[in-house]
Amino acid sequence: MLAARKFLQIAALQTRNFHRMTFPLLNKKEFEVTFVRESGEKIKTKGKVGDSLFDVIVNNDIDIDGFGACEGTLACSTCHLIFKPEDYEKLNEKPTDEELDMLDLAYGLTDTSRLGCQVFLTEKESGMEVKVPAGVNDQRAA
């Protein structure tokens, strides 16, 4: 029964993410988001209201080694991102138990860590900088 429930949760996430990446949200406000690599290199890009940070990275072809290995299905921790405390507090939704379980497996976990596939942009995130950890831990291989 638990396996069937987990399958349905993953299928729902895949469908949601498929529609987010496949059918662009027309006339949605676009704003800047900056990703900061461990080296300090800043990658400035654009995101739209309603996009996940995973979508922003994929849609803008940002090369982050190992990022998003499960394609945003909440089955790994490879889209782990770290927020400044003030930006973390602005996020619309708090992490779910499932996200917290995956975050527990991430390298470099902090109190302001989130999975990029679970953070959806609102205008409050306009201009924020998000740190990309040095390494990823793909739990699908464990």
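View 1. Of the 26 residues in the largest nonpolar core, the ones that touch the most other members are Phe 35, Leu 53, Leu 81 and Phe 83. A nonpolar core here is a set of buried Ala, Val, Leu, Ile, Met, Phe, Trp, Tyr and Cys residues joined through side-chain atoms within 4.5 Å. Buried means under 20% relative accessible area, exposed over 50%, and partly exposed in between, with a 1.4 Å probe and protein chains only. At least two residues of this core come from each of S1, H2, S3 and helix H4 (97-103), and H2 gives the largest share, 4 residues. Helices (H or I, at least four residues) and strands (E, at least two) are DSSP runs, numbered from the N terminus. As background, nonpolar side chains in soluble globular proteins tend to be buried together.

A word on the model: it is predicted, so local features need pLDDT of at least 70 and side-chain atom pairs count only at pLDDT 80 or more, while totals for chains, interfaces and linings use all residues. Residues are numbered from 1 along each chain as its sequence is written, and side-chain values use heavy atoms, with hydrogens and water left out.

**View 2. The five-stranded sheet.** The open sheet has 5 strands in the order S2-S1-S5-S3-S4, with mixed pairing. Two strands pair if DSSP finds at least two bridges between them. Strand S2 (42-48) and S4 are the edge strands, each pairing on one side only. On average, neighbouring strands of this sheet are turned by 40 degrees against each other, direction ignored; the axes are lines fitted to C-alpha atoms, for helices over the stretch in contact, and angles run from 0 to 180 degrees between N-to-C directions. Strand S1 (residues 30-36) runs parallel to S5, joined by 3 bridges, and Val 36 stands opposite Lys 131 in S5.

**View 3. Strand S3, covered on both faces.** In S3 (residues 80-83), His 80 and Ile 82 are buried on one side, and Leu 81 and Phe 83 are buried on the other. S3 runs antiparallel to strand S4 (residues 113-115), with 3 bridges, and antiparallel to strand S5 (residues 129-131), with 2 bridges. Follow Ile 82 across: Ser 113 stands opposite in S4, and Lys 131 stands opposite in S5.

View 4. Val 130 sits in strand S5 and counts as buried because its relative accessible area is 0%. Leaving out neighbours within four places in sequence, Val 130 is in contact (heavy atoms within 4.5 Å) with residues including Thr 34, Phe 35, Leu 53 and Leu 81. Leu 81 is 49 residues away from Val 130 in sequence, yet 6.5 Å away C-alpha to C-alpha. Phe 83 touches Val 130 too, and among the other residues Phe 83 touches are Tyr 88, Leu 91 and Met 128, not counting residues up to four places away in sequence.

**View 5. A stacked pair of phenylalanines.** Searching the whole structure turns up 1 aromatic pair. Phe 54 and Phe 67 are stacked, 6.3 Å centre to centre with 15 degrees between the planes. Rings of Phe, Tyr and Trp (its six-membered ring) pair if their centres lie within 6.5 Å; planes under 30 degrees apart count as stacked, over 60 as edge-to-face and the rest as tilted. Phe 54 belongs to helix H2 (residues 53-59) and Phe 67 to the loop between H2 and S3, 13 residues apart. Phe 54 is buried at 3% relative accessibility, and Phe 67 is buried at 13%.
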